[in-house]
Amino acid sequence: MTMDDSPASLRGLRLRWGWMTVMLAVLLAAMVAGITIGPAGISAGQVVAELVGAGLAGRPSTLSGIQQAIIWEIRLPRVVLGGLVGCLLALAGASYQGVFRNPLADPYLLGVAAGGGLGATVVIALVPGAAATMMPIAAFVGALVAVALTYTVGRSMGGRSAVSLILAGVAVAAFFTAIQTYIMQTNADTIRQVYSWILGLLATTGWSEVLVLVPYAIVCGIGLLLHRRLLDVMSVGDEEVDSLGVSATRVRITVVIFSTLATAAAVAVSGLIGFVGIVIPHTVRLVIGVSYRSLIPVSMIAGAAFLILADLVARTVASPAELPIGVITAFVGAPFFLIVLRTTRRYVM
Amino acid sequence: MSVEVRSLTVSYLPGVPVLADLDLEVATGEWLGLLGPNGAGKSTLLKAIAGLVRHSGSVELLGTDSTSTPRRARARAVAFVPQEPMIPLEMTVTEYVLLGRTPHLSYLGREGRRDFKAASSALDLLDLGCFAGRKMSELSGGERRRVVLARAIAQEANILLLDEPTGGLDIGQGQKALGLISYLRSERPMTIITAMHDLTLAGRFADRLVMMAGGRIIVAGSAAHVLTANYIRDFYQADVEVVRVNGGLAIVPVRNGSQ
């Protein structure tokens with residue numbers, strides 16, 4: 001046999017360009033839908049003409065000033081923010097699953113989001129004048145403490161069991177949430193701001209949140225994309241990874257830091273949005289296979305498209321009122337999580 | 001010498017050595033069989049040689065001190081197959097075998113033509129080419145063992161450490177697994193150390209046997225020297241008869257009290 005005449009055997013090693021293209025098309029469609037749908041009465045054709053013609057080609061816009069402002073200053077930043085948050089949460093979920101060898105790992109279920117939430121709440125409530133750029137850093141510290149606690153408690157409870165890690169995550173999340181609630185109650189003037197943020201929101205004030213998030217997205221995206229092959233290596237267990245000349249601990253710490261940073265940055269700008277990190281990688285895995293070489297990039301694109309569409313539902317389903325996006329992702333994600341939980345026994349843990 | 005171990009001591013708990021002041025030499029190209037009851041320290045010895053457990057004393061691999069050798073260079077010298085490898089069931093056979101190329105890649109590197117060729121020839125060597133595109137979940141226990149061995153072969157290490165290579169296999173599959181290892185040795189220059197429970201098979205295949213108990217080497221030498229009813233009674237608490245069959249030894253269990 002040569003490698004060239006056995007394409008099936010190598011399918012996991014090659015980037016699945018076909019699926020990448022399909023997902024990019026879905027993402028573009030989701031973006032156009034996200035910018036188009038709403039009370040302003042702008043058609044999809046006008047949106048595409050504005051983005052491509054005026055935005056990319058530099059031709060004069062055919063829209064009114066208000067319509068241009070709606071597209072460029074309200075809807076596009078919100079869609080881009082949703083895409084970035086979805087991309088980061090799906091990326092973090094897939095990476096946690098690989099590095100913990102646990103199909104249930106998810107930024108929300110591991111308590112990482114709660115840790116990030118606590119960090120961000122501390123900033124909102126106790127340092128009200130702090131710059132928005134402080135939020136991701138505070139969230140990162142909280143998230144890192146949470147994931148370290150979850151991993152330590154989970155290991156002490158049940159070794160490699162998938163469920164024990166999640167139970168530890170639930171306990172850690174409950175603890176962090178309790179502290180967060182206490183801080184909120186003792187800082188009543190900021191309670192509304194924190195509360196609306198907890199439920200997850202993508203309301204933006206122009207491009208500022210996007211600009212906060214972009215550097216984190218670039219760093220975490222590149223960092224984790226470079227670890228795709230090593231996430232495949234991690235699937236054989238720590239001892240065998242070490243015997244293959246790679247420090248499993250080093251890979252785990254590096255990937256956890258990048259994933260936690262991605263989660264914290266997403267949480268800091270959008271609040272707690274659950275289940276994206278479990279729904280997207282699992283769905284992608286069912287379609288393209290288990291290799292992280294393709295799973296990571298395809299999940300990033302799929303996560304972006306998913307959250308843009310979830311946000312679209314959140315702001316249109318009860319219009320003119322707006323539902324928190326976390327409610328929409330939980331509606332989809334919670335049943336999905338139960339299905340994954342039921343099938344977890346199939347996995348070698 | 002391929003492997004030279006001096007005053008090796010390993011403790012998982014303070015003051016409770018699993019290996020105690022152990023010395024061992026394995027010549028280049030030799031097949032050494034490690035024997036001993038459960039808890040004798042066979043697996044720990046293999047892991048210490050592979051650099052997977054903390055130890056005191058020295059382990060030299062191909063004349064170089066193991067502890068001062070970088071992890072990746074060490075993995076290019078020694079391939080280790082554990083007793084119960086963790087198998088990613090959804091991976092294809094080729095993807096799994098290519099993991100054996102990890103020590104030849106930089107930390108963030110990717111496989112190249114040479115790596116695909118090495119994986120391909122490992123599959124060919126073990127007659128697994130027809131399984132290349134199959135998922136690991138679709139293979140039988142014996143086939144998976146062969147694929148794990150192929151991963152170790154793809155590692156292109158000169159020293160191969162196998163913990164219970166016949167574990168979980170029926171008598172035929174076990175015989176085939178050891179036959180394969182023997183065949184590999186005839187194809188490539190390799191030093192092989194296997195920890196084994198099947199004394200008869202160990203006596204048939206290994207060049208030299210080492211009997212361990214309580215973290216120490218009790219006796220070492222040829223099968224005829226090590227596989228005696230007395231040693232087996234003393235260290236395994238088993239009543240056996242050792243009979244000579246077709247130029248080799250067979251260990252035959254005897255019912256207690258009927259000898």
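Predicted model: local features only at pLDDT ≥ 70, side-chain atom pairs only at ≥ 80, totals over all residues.
A residue is called buried when its relative accessible area is under 20%, and exposed when that value is over 50%, with partly exposed residues in between.

A disulfide is a covalent bond between the sulfur atoms of two cysteines. Over all chains, the number of disulfides found is zero. C87(A) illustrates this result: the nearest cysteine sulfur belongs to C220(A) and lies 9.7 Å away, whereas a disulfide requires two cysteine sulfur atoms within 2.5 Å.

The aromatic residues come next. A pair of aromatic rings is described by the distance of the centres and the angle of the planes. Six aromatic pairs are found over all chains. In one of them, Y108(A) and F275(A), the ring centres are 5.7 Å apart and the planes stand at 50 degrees, so the pair is tilted. These two residues are 167 residues apart and link distant parts of the chain: Y108(A) is in the loop between α3 and α4 of chain A, and F275(A) is in the loop between α11 and α12 of chain A. Y108(A) is partly exposed, at 35% relative accessibility, while F275(A) is buried, at 10%.

Chain B provides another aromatic pair. The rings of Y231(B) and F235(B) have centres 6.3 Å apart and planes at 25 degrees, so this pair is stacked. Why are Y231(B) and F235(B) separated by about one helical turn? They are four residues apart in helix α9 of chain B, which accounts for that separation. Y231(B) itself is partly exposed, with a relative accessible area of 25%. Returning to chain A, one aromatic cluster is formed by Y96(A), F100(A) and Y151(A).

Attention now turns to charged side chains. There are 19 salt bridges over all chains. One of them joins D311(A) to R78(A), with an N to O distance of 2.8 Å. This pair also links distant parts of the chain, since D311(A) is in helix α13 and R78(A) is in helix α3 of chain A, 233 residues apart. Both partners are buried: D311(A) has a relative accessibility of 5%, and R78(A) has a value of 11%.

R101(A) is buried, at 15% relative accessible area. In chain B, a network of salt bridges links R101(B), R114(B), D115(B) and E156(B).

Finally, the two chains meet at an interface. The size of an interface is often given as the accessible area lost when the parts come together. Chain A and chain B bury about 3,400 Å² between them, with 61% of it on carbon and sulfur atoms. In this interface, 38 residues of chain A contact 43 residues of chain B. Four salt bridges cross between the chains. R293(A) forms a salt bridge with E111(B), with the closest N and O atoms 2.9 Å apart.

Technical notes
Residues numbered from 1 in each chain as written. Chains lettered and ligands numbered in written order. Heavy atoms only, no water. Phe/Tyr/Trp six-rings, centres within 6.5 Å; stacked < 30°, edge-to-face > 60°. Buried < 20%, exposed > 50% of the residue type's maximum accessible area, 1.4 Å probe, protein only. Contact = heavy atoms within 4.5 Å. Buried area = accessible area lost by both parts, 1.4 Å probe.
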